[in-house]
Amino acid sequence: PPPAAQGASHRAEGTVDAFDAKAGTVSLSHGPIASLKWPAMTMEFKIANESLQNALKPGAMVSVEFVERAQGEWVITNVKPMAMGQEASTPAPAANAHSGH
């Protein structure tokens, strides 16, 4: 199948796992993305510019917009921090069940 239209913007919500300021990349553990038919997963994104990195602290819950700049190159163009408790899918205690893995 052809790739998604160039420049199409997608949204995801997730948690920042790691941020590499030198490389300008962020590892994001995100929920399913219907517009791409992606399941929930953890993957690396590039960031469009340095001004976005302030919101990308490890452990932060964020809502992001991203585009495919080149084949397989996913670039975050916008980041909005999410307040704790806005996440409706799982109650907080369940999140701690995975600590230590």
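Student: How should I read accessibility, and what relative accessible area does Lys-46 have?

Tutor: The classes are buried (under 20% relative accessible area), exposed (over 50%) and partly exposed in between, worked out with a 1.4 Å probe on protein chains only. Lys-46 has a relative accessible area of 34%, so Lys-46 is partly exposed. Please keep in mind that this is a predicted model, in which local features need a pLDDT of at least 70 and side-chain atom pairs count only at pLDDT 80 or more, while totals for chains, interfaces and linings use all residues. Residues are numbered from 1 along each chain as its sequence is written, and side-chain values use heavy atoms, with hydrogens and water left out.

Student: Which residue meets the side chain of Lys-46 in a salt bridge?

Tutor: A salt bridge here is a side-chain nitrogen of Lys or Arg within 4 Å of a carboxyl oxygen of Asp or Glu. For Lys-46 the partner is Glu-73, with 3.1 Å from N to O. Because Glu-73 belongs to strand E5 and Lys-46 to strand E3, their pairing ties together parts that are 27 residues apart in sequence. Glu-73 also forms a salt bridge with Arg-69, where the closest N and O atoms are 3.6 Å apart. Arg-69 is partly exposed, with a relative accessible area of 48%. Through these shared partners, salt bridges join Lys-46, Arg-69 and Glu-73 into one network.

Student: How many salt bridges does the count come to?

Tutor: The count comes to three salt bridges. Another of them joins the side chains of Glu-65 and Arg-11, at 3.2 Å from N to O. Glu-65 lies in strand E4 and Arg-11 in strand E1 (residues 10-20), so this pair ties together parts that are 54 residues apart in sequence. Glu-65 counts as buried at 18% relative accessibility, whereas Arg-11, at 53%, counts as exposed.

Student: Which residue other than glycine has a positive phi?

Tutor: Lys-37 has a phi near 55°, a positive value in a residue other than glycine. Lys-37 is placed in the loop between strand E2 (25-30) and E3, and at 75% relative accessibility Lys-37 counts as exposed.

Student: How many residues of E4 are buried?

Tutor: Eight of the ten residues of E4 are buried, so the strand is largely enclosed by the rest of the structure. For the protein as a whole, 32% of the 101 residues count as buried.

Student: What volume does the largest cavity have, and which residues line it?

Tutor: A cavity is a set of points on a 1 Å grid, over the protein atoms alone, where a 1.4 Å probe fits but cannot get out, and its lining residues have an atom within 4 Å of a point. Points are joined across faces, edges and corners, and the volume is the space filled by probe spheres set on them. A search of the whole structure finds one cavity of 30 Å³ or more, and the largest cavity has a volume of about 30 Å³. Its lining consists of Arg-11, Ser-63, Val-64, Glu-65, Asn-78 and Lys-80. Strands E4 (61-70) and E5 (73-81) are the elements that give two or more residues to this lining, and E4 gives the most, with three residues.

Notes
1 Å grid on protein atoms, 1.4 Å probe; cavity = no way out; pocket = protein on both sides within 12 Å on 5 of 7 lines; lining within 4 Å. Helix = DSSP H or I, 4+ residues; strand = E, 2+ residues; numbered from the N terminus.
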